[in-house]
Amino acid sequence: MKLHLNITMVNGETESVPVRPSAQVAYERHFKTTLSNDIGMEQLYWLAWKASGVVPKFETWLDDLEGVEAEVATEGDGDDIDPLAQNQPSG
């Protein structure tokens with residue numbers, strides 16, 4: 001299973017970025033919570049910003065953001081595992 005975030009900027013540019021372990025850990029440290037279905041919009045946008053590796057500060061980047069959508073890709077056996085669901089195994 002892989003989590004990708006599809007980012008759309010106000011200028012029409014789009015990008016699909018993988019959420020790697022470093023971004024997941026940074027998220028948990030920053031928000032002092034685990035990644036779950038109860039993720040708020042600020043948390044989703046912050047995760048997209050962190051995963052994309054952009055240079056501008058979060059607030060500056062947010063001003064140019066149109067939206068973010070999560071995309072789950074599974075590998076192998078076809079089991080769909082929602083990475084934003086609570087109590088999911090990692091690794």
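First, the ground rules. The model is predicted, so local features need pLDDT of at least 70 and side-chain atom pairs count only at pLDDT 80 or more, while totals for chains, interfaces and linings use all residues. Residues are numbered from 1 along each chain as its sequence is written, and side-chain values use heavy atoms, with hydrogens and water left out.

Now the overall layout. The chain has three helices and three strands. Both are DSSP runs, numbered from the N terminus: helices are H or I with at least four residues, strands are E with at least two. From the N terminus on, the order is β-β-α-α-α-β. How much of the chain is buried? Of its 91 residues, buried ones make up 32%. Buried means under 20% relative accessible area, exposed means over 50%, and partly exposed is in between, using a 1.4 Å probe and protein chains only.

Start with helix α1. Glu 28 lies there. At 35% relative accessibility, Glu 28 counts as partly exposed. Its C-alpha atom is 10.0 Å from that of Gln 43, 15 residues apart along the chain.

Next, the loop between α1 (21-31) and α2. Lys 32 lies in it. Most residues other than glycine have a negative phi. Lys 32 is not a glycine, yet its phi is positive, about 50 degrees. Lys 32 counts as exposed, at 70% relative accessibility.

On to helix α2, residues 41-52. What should its twelve residues span? At 1.5 Å a residue, 16 Å, and the end C-alpha atoms are 16 Å apart, which agrees. The expected span is 1.5 Å times one less than the number of residues. Buried residues in α2 include Trp 46, Leu 47 and Trp 49. Gln 43 is buried too. After α2 comes Gly 53, with a positive phi near 70 degrees.

Last, helix α3, residues 58-63. Asp 63 sits in it. Is Asp 63 buried or exposed? Exposed, because its relative accessible area is 63%. Its C-alpha atom is 8.7 Å from that of Val 10, 53 residues apart along the chain.
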